[in-house]
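Please read them with the structure open.

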Amino acid sequence: MDFQNKILSKELATRLWEGHTIGTAESCTAGKIAEALVLTAGASQYFRGGIICYHDDIKRNMLKVDAQLIEEQTAVCEEVAIQMVKGACEVLGTELAIASTGWAGPGGGTKENPVGTIYLACGSKDDIITLKLEGDEGRDKNLANATNQALALCAQYLAERQTEKAEEKAPRLVDLEG
C-alpha cells in the first residue's frame, strides 16, 4: 500500500497544487491519511493540517459533529464522516477535507457495522462524496486500505470537479436556425 500511497500522493499534489487547500479529520486512521498526503515534497503548499479525533468528544467539540447523531447511530456512519469534513474545513480554514471514521479492529464493531466497516468522506463544506469500506482483513490491512482508498476518493473528487469546470468553460454550439 505504501507504493500506491506514494503514487496517489503525487497525483493529488499535482491537482492540489493548482490553488486548493486540504486538511484531514481522522478517527480510525489516526493521522495515516495526513501522513500519506505529505509524502510528496511541497505538500506545505496545499496541506494545512489534520485533526485526529479518535474520541467522540473531539468530534463533537472540535468538529461540531452532532451529539445526537453519534448517540443514535454511533460515530461510525456516513453522516458523521460528512460532518467531520465540514468541521475540518471550518476549523482548519481549508477548501477541502478528507475524513475517516470506522472500526479498524480487532475489537469494536456492531451488528450493523462490524469490524472492518470504515466510512470515508471527501469534499468541501457544500459538496462531499463518501465511500463505505467493508470486510475485516485485520487491523493493519484495514487501516492501510482505508488510507489508500481515502487518497483515491480525493483524487476522484478532484478529477470530477476539474472535468465539470472544463465543461463549464467549453464553447457551446448555438442553433441560430431554431
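**Notes on local geometry, contacts and salt bridges**

1. Lys-64 sits in the loop between α3 and α4 (67–73); helices (H or I, at least four residues) and strands (E, at least two) are DSSP runs, numbered from the N terminus. Lys-64 is not a glycine, yet its phi is positive, at about 65°. Its relative accessibility is 63%, so Lys-64 counts as exposed. Here buried means under 20% relative accessible area, exposed means over 50%, and partly exposed lies in between (1.4 Å probe, protein chains only). Accessible areas come from the Shrake-Rupley method with a 1.4 Å probe, and for residues only the protein chains shown count as cover.

2. On provenance, this is a predicted model: local features need pLDDT of at least 70, side-chain atom pairs count only at pLDDT 80 or more, and totals for chains, interfaces and linings use all residues. Residues are numbered from 1 along each chain as its sequence is written, and side-chain values use heavy atoms, with hydrogens and water left out.

3. Thr-74 is another non-glycine residue with a positive phi, of about 70°. Its place is the loop between α4 and α5 (78–92). Thr-74 has a relative accessible area of 28% and is therefore partly exposed.

4. Which peptide bond is cis, with omega near 0°? The bond from Gly-105 to Pro-106 is. Pro-106 belongs to the loop between β3 (96–102) and β4 (118–124).

5. Ser-27 lies in the loop between β1 (22–26) and α2 (32–37). With a relative accessible area of 6%, Ser-27 is buried. Its side chain reaches the backbone oxygen of Cys-53 at 3.5 Å. That is a polar contact, meaning a pair of N or O atoms within 3.5 Å; within protein, one must be able to donate a hydrogen and the other to accept it, and residues adjacent in sequence count only if both atoms are side-chain atoms. Leaving aside neighbours within four places in sequence, Ser-27 is in contact (heavy atoms within 4.5 Å) with Cys-53, Tyr-54, Lys-59, Met-84, Ser-100 and Thr-101.

6. How many disulfides (cysteine sulfur atoms within 2.5 Å of each other) does the structure hold? It holds zero. For Cys-53, the nearest cysteine sulfur is that of Cys-28, 9.4 Å away. Cys-53 is buried, at 0% relative accessibility. For Cys-77, the nearest cysteine sulfur is that of Cys-53, 13 Å away. Cys-77 is buried as well, its relative accessible area being 5%.

7. Leu-158 is part of helix α6 (residues 139–169). Its relative accessibility of 6% makes Leu-158 buried. Not counting residues up to four places away in sequence, Leu-158 touches Leu-12, Arg-15, Leu-16, His-20 and Leu-96. Leu-158 and Cys-122 are 36 residues apart in sequence, and their C-alpha atoms are 9.6 Å apart in space.

8. The structure holds six salt bridges, a salt bridge being a side-chain nitrogen of Lys or Arg within 4 Å of a carboxyl oxygen of Asp or Glu. One of them pairs Asp-127 with Arg-161, with the closest N and O atoms 2.6 Å apart. Asp-127 lies in strand β5 (residues 127–133) and Arg-161 in helix α6, so this pair ties together parts that are 34 residues apart in sequence. Asp-127 is partly exposed at 28% relative accessibility, whereas Arg-161 is buried at 14%.

9. Arg-161 also forms a salt bridge with Glu-160, where the closest N and O atoms are 3.0 Å apart. Glu-160 counts as partly exposed, at 32% relative accessibility. Through shared partners, the salt bridges join Asp-127, Glu-160 and Arg-161 into one network.

10. Glu-134 and Lys-132 form a salt bridge too, with a closest N to O distance of 3.6 Å. Glu-134 is exposed at 60% relative accessibility, and Lys-132 is partly exposed at 37%.

11. Ile-58, Met-62 and Val-91 make a nonpolar surface patch of about 220 Å². Patches are made of residues with over 30% relative accessible area and no salt bridge; like charges are joined within 9 Å, and nonpolar side chains (Val, Leu, Ile, Met, Phe, Trp, Tyr) within 5 Å. Ile-58 is in helix α3 (residues 56–61) and is partly exposed, with 33% relative accessibility.

Methods. A disulfide is a pair of cysteine sulfur atoms within 2.5 Å.
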